[in-house]
Amino acid sequence: MSIVLDQLLKRYEGHPVVNNMSLEVADGEFFVLLGPSGSGKSTLLRMIAGLVDTDGGRIVLHGREVTHLPPQARGIGLVFQNYALFRHMSVAENIEFPLRIRTVPAAERRRRRDELLELVGLAGLGSRFPTQLSGGQQQRVALARALAHRPEVLLLDEPFGALDARIRTELRRTVHSIQRELRITTIFVTHDQEEAFELADRMGVMNFGRLLEVGPPNELYLRPQTEFVATFLGTANLMVGEVTRDGVRLGPVHFPLSTRPAAVGEARRVQVLFRPEDVAVKTSAEALGWPLLGQALVEESGFNGSFERLRLRLPKLQGVRPISPPAPFGGDFVLVEAWRSQHQARRFPLRPGDAAWVGVRRVHALTHPGLSFLMVADGSPGARAALEMGAQVARLSHARVTVLGHGAAGGQTEGELQRVREWIGSGLAAVETVASPDPPAEAVAVEASRQHYDLVVQGMPARGRVELSERLLRAGDHNLLLVPGSGPVPTRALICVTVGEPAKEDVLFAGRLVRHLGAEATILTVLPDKGDAHAVRQAERFLAAGARTLSLLGVVATSSIRYGMVRHEILSEMRDKEHGLLVLGAPLLGRRGRVSLNGVIGSLLDDVNDRPVLIVRPHYEEWWH
Ligand code: ADP
Ligand code: MG
């Protein structure tokens, strides 16, 4: 192996930016790291180069550990996005610079420099200055300079990010052919999926400092294992369908699959992916020749150069829950993205409002089990109930479960955790146990930085509920379920929302969980009074849309408006209708998820002692753009 990264860790202000990353890159391999901006790509590359200290883990280059060596001792060539040439030096001097500091004799330097100018296609331009070159030419110089001292490893950080499309394509070809010629081990960082596909022998997809999946481009595109990779690598139609004996079912269609999706315990649900180019669109059902999803209406059509983009609206499919394109808030239909060649588009023109028959040529079932829960165990009665309810929800939703035993007081030895594991484990897909000496919030933070959790399940403490909840919510990007000391699994849930866009995420996550519980839901908003007719109508529309969305998720839902003081009305509704679960949306302050629960939510937390409370947080999609 040429590059071995072992459990690399980097934190800024306590937040892991590169999170236990391990990766091996083979000799002469062209490896592309792809991820949204802010996912930690540059930080990782700079760690390999020695420009950023590591907080943990090891870097081994060609069998030599370099984790704590200075940059110039690592045998690395580096190219950044911004040209970073020395302005006061000519092209020739720039390229010779790494040789000069390594005291290579002048004649040898000149020979090497001319060779490199030739290699990057700039022969004869050695006496120019950077300002006399185009952006593309400057990056060619940067590449030549990075290669001058014959490094064993070449690292490029979005090197063509600032260039226009045509020049980018040209430079990609150049880099590709030079890499082939020199067989130099390369890591190339980009946020551009096309660039990754074009260049990579193998690629890895990063998100939130984690390396999610690694593989050849076509493998990751056609057979991703995670929802993020499926949707990040191009347009995806991703839906939850059902596992069958020999394949998967998506509404009316059954697809036999040779690789049977991992049926998790009694799991019947599976995420099914099909790409827009695998959607067949025809005038009649008979003409289709592929498994038929149904008759759709064209919602949008667009020209996209070599192909046509269609967004199709299908009636709700039995047993199918859409993930991407997301379920339209308030709609009870399924959206499908389809691409057609221009040839097909001419033969059978379609405009918004037209009807068409839709089939699917092939599907892929994701093996990732979906939700993951972190259940906090500290030996208290509340914790035991939390474990029981958490396990029940996890069974129903086929979630992965980690049991976190924390604190010395609980005496959570490995042996005890093992017993907990056996006790709750039956019917669960996967149970991991982790023991930590830290207090709960700290222990959760460490664990949440190791892997993502959708939900933390915590026993309801007698005191300090608000503070504990805030700390637990701040410890990661999960939602929180507080469970009282005893009680049945809820059959009725009260979902409290404030009217407006941001609330829809609350409804979606809560809906997912409530559906797994098999509970009914009431979606409630409280207005000060009936005086403002406009506000009342707006609330009615919003709640009706929320209820439709819930029913699309498979939840029987009703809506309710109450008038008066928020806290008082929510408590009355809980009591009057005997709701077994209270769902509240956490307000998010700031981009780092700094949650503060003062105000109504905090006071409700102190008032509700005997029912579980789910606190869901809205997700900022733009966080990773
Ligand atoms: P990418 O290259 O994938 O866009 P980066 O590695 O540049 O991502 O950054 C990842 C995260 O680390 C970002 O959230 C960024 O704000 C943070 N970060 C990077 N460098 C620093 C730094 N020197 N100080 C504090 N935070 C940083
Ligand atoms: Mg970057």
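**Reading the labels in this model**

Me: Why is T103 called exposed?
Reply: Its relative accessible area is 67%. Exposed means over 50%, buried under 20% and partly exposed in between (1.4 Å probe, protein chains only), so T103 counts as exposed.

Before we go on, this is a predicted model in which local features need pLDDT of at least 70, side-chain atom pairs count only at pLDDT 80 or more, and totals for chains, interfaces and linings use all residues. Residues are numbered from 1 along each chain as its sequence is written, chains are lettered from A and ligands numbered from 1 in the order in which they are written, and side-chain values use heavy atoms, leaving out hydrogens and water.

Me: What makes K10 and D55 a salt bridge?
Reply: The term asks for a side-chain nitrogen of Lys or Arg within 4 Å of a carboxyl oxygen of Asp or Glu. The N to O distance for K10 and D55 is 4.0 Å, so the pair meets the rule. The two partners sit 45 residues apart.

Me: Is K10 buried or exposed, and how do you know that?
Reply: K10 has 9% relative accessibility, so this residue is buried.

Me: How many salt bridges does the rule give?
Reply: The count comes to 36.

Note on methods: Helices (H or I, at least four residues) and strands (E, at least two) are DSSP runs, numbered from the N terminus.
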